[in-house]
Amino acid sequence: MNKTKAIKAKKTRISSEQKIELLRQMLLIRRFEEKCVELYSAGKIRGFLHLYIGEEAVAVGIMPLLKAEDRIVATYREHGHALARGISSGAIMAEMFGKSNGCSKGRGGSMHLFDAEKRFYGGNAIVGGGMPLAVGLALADKMQRNPFVTVCFFGEGAVAEGEFHESMNLAALWKLPVLFICENNLYAMGTALSRSHSQTDITKKAESYGMKSEAIDGMNVMEVRDAAERAIEFVREKSEPFLLEAHTYRFRAHSMYDPELYRSKDEVEDWKDRGPIESFQSELLEKNEISESEIAQMEEKIKAEIEEAVAFAEAGELEPLSDLLKDVYTPLDV
Amino acid sequence: MKNGKEITYREAVRRALQEALLEDERVFLMGEDVGRYGGSYACSHGLLKEFGEERVRDTPLSESGFVGAGIGAALGGMLPIVEVMTVNFSLLALDQIVNSAATLRHMSGGQFSVPLVVRMATGGGRQLAAQHSHSLENWYAHIPGIKVFTPATVTDARYMLAEAIKDPDPVFIFEHAMLYPTKGKIKENGNGFNVERAEICREGSDISLITFGGSLSKALEAAESLSSEGIEAEVIDLRILRPLDTETIINSITKTHRAVIVDEGWKTGSFAGEISAQIMEKAFDELDYPVQRVCSYEVPIPYAEHLEKLALPQANEIIDAVKEMF
């Protein structure tokens with residue numbers, strides 16, 4: 001599916017253990033979010049809840065390749081990115097419960113997961129709004145001679161925003177170490193890419209800014225990983241931006257309030273047949289890299305982790321009402 | 001504080017920028033035409049030559065992009081000073097300002113601060129018509145999470161910037177465009193300099209004239225004229241719109257029992273309205289007359305000189321408003 005042979009293909013060596021870990025991370029995200037839906041119906045989680053189900057291969061293909069000092073800017077559909085980056089499932093669940101042991105102390109909720117230690121600069125709920133921040137983070141690293149990469153996730157809907165174009169231009173003009181990841185799931189909420197863009201090939205938009213790019217199958221975790229490895233190396237070595245367009249699909253509704261009038265059931269089913277977890281699991285089974293019983297054990301462990309996460313969230317304290325005005329400004333004695 | 005020599009407001013801003021760049025290598029200046037052109041109001045003249053292209057960065061015309069990049073760079077360990085040519089252009093960056101700069105610390109539960117400074121020109125009076133003349137400081141002062149400085153004097157133009165850079169949160173500095181060529185004596189930065197308190201620029205016992213930014217000189221002019229007619233006005237320069245020093249205002253009202261607020265914003269929804277409400281809430285019993293406001297008329301600022309002059313607050317209107325109250 002490579003549309004642009006922007007950089008030399010490099011054969012990645014990856015062990016069975018690493019592959020199994022990729023499967024585990026994708027399954028954790030899937031099961032975690034399935035639990036979220038349950039808890040949403042039970043009224044434990046409120047606000048907007050945007051599920052990543054179907055798109056897991058993108059975050060999981062990229063995140064393990066990053067170093068601890070690299071920086072991540074994500075969108076409001078970021079549970080998967082946060083989990084894949086290693087933010088604990090308990091802290092994420094507690095955040096959705098609005099508890100003070102959440103990763104944003106309950107001030108952000110599902111759309112605004114943050115973690116300073118993991119260099120996770122948030123779920124940003126303004127489409128395209130995170131992109132200038134990623135440019136600035138990379139500018140700071142460039143000026144401080146830090147060899148870090150900033151990875152910026154956004155959807156294809158963001159590509160119509162001015163902030164996308166302003167950010168692409170600045171990053172390319174100033175040669176900033178940003179890896180832009182367009183998670184192209186074909187729909188900006190309910191509006192199809194073909195109904196909202198005159199040019200639907202997003203790599204061409206990068207090209208017009210003189211930025212190297214590559215389109216990949218975002219349903220295939222190994223393809224994402226291979227391409228991401230090349231792209232990250234390019235960004236780090238050259239200190240230049242790169243755009244990866246991952247073709248993917250959201251299996252669930254946009255949020256919990258979406259009757260899905262804009263796409264056919266057949267289309268959804270066709271994409272589900274290409275599901276990133278299902279296909280990768282079959283591949284590993286076929287190659288005898290994992291057994292059915294090992295998968296069952298993995299599922300059990302994930303189930304236990306999610307139960308623990310829910311218990312952690314349930315046990316969390318609500319912030320006292322007297323703290324309402326906290327964290328609007330930085331206390332000056334700190 | 002001892003008095004120094006006279007310099008222009010523009011030169012005060014330039015020296016403040018130069019000092020900031022000299023004092024901390026994390027500081028850099030970024031904006032449209034801040035480098036080769038020397039700043040659209042010449043505030044960064046010579047700085048590109050002195051500090052180089054990495055620290056004095058000309059940007060493309062991408063207000064949202066470079067203000068957002070300033071926020072990101074602040075998160076990444078730098079201390080950016082972003083210049084936006086005028087307050088009208090800053091509207092193109094409002095998403096980054098309102099949705100990111102002001103919210104990141106809160107949304108992250110206190111994990112990330114944004115030590116960003118954004119400077120911009122504001123205000124009318126130069127026949128630049130309805131897309132270069134507005135005073136929207138009030139919109140910014142509405143937003144929790146940011147701070148708003150309005151230097152009205154050469155001293156504040158010279159020294160507020162350093163305080164803004166020291167501040168761990170985003171600070172927006174509004175420089176009234178009519179002030180750049182004006183001259184004043186600079187008070188040296190002693191221990192008394194602060195960015196917490198409003199300043200009483202002229203003491204008086206009969207009425208409080210409360211103002212900020214480009215309207216300060218008009219209020220002072222009105223006060224001098226009123227003095228010759230036996231009315232002693234106290235003139236308060238707010239200096240900082242958020243967080244607001246309400247105490248200085250209330251103390252003055254407690255002394256004078258009358259107030260006129262002068263604000264170049266449109267009267268409806270103006271910052272003057274906020275001050276008036278605070279006086280009502282905290283000092284209603286002290287008032288001998290309803291609080292009055294002198295603001296811009298409810299019209300986009302016109303080009304024609306006579307109409308622009310009428311649209312903006314002027315000293316004679318302040319004088320008339322005060323006389324009505326006695």
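I began with chain B, which splits into domain 1 (3-187) and domain 2 (199-324); these bounds come from an automatic or database domain assignment. I noted that this is a predicted model, where local features need pLDDT of at least 70, side-chain atom pairs count only at pLDDT 80 or more, and totals for chains, interfaces and linings use all residues. Residues are numbered from 1 along each chain as its sequence is written, while chains are lettered from A and ligands numbered from 1 in the order in which they are written.

Next I looked up how the two domains of chain B meet. Their centres, taken over C-alpha atoms, are 26 Å apart. Domain 1 of chain B puts 23 residues into the contact and domain 2 of chain B puts in 22 (contact: C-beta atoms, placed from the backbone, within 7 Å). On the domain 1 side, two or more residues each come from helix H7 (137-141), strand S6 (147-149) and strand S7 (171-176) of chain B. Helices (H or I, at least four residues) and strands (E, at least two) are DSSP runs, numbered from the N terminus.

Then I turned to the meeting of the chains. Chain B and chain A give 34 residues each. Helix H3 (63-75), helix H5 (94-101) and helix H6 (104-107) of chain B each supply two or more, and H3(B) gives the most, with 10 residues.

Last, I checked H5(B), where I found Asp95(B), Gln96(B), Ile97(B), Ser100(B) and Ala101(B) buried (20 or more other C-beta atoms within 10 Å of a residue's own, all placed from the backbone). Their cover includes helix H5 (130-143) of chain A, along with H3 and H6 of chain B.

Key:
Buried ≥ 20, exposed ≤ 12 C-beta atoms within 10 Å, placed from the backbone.
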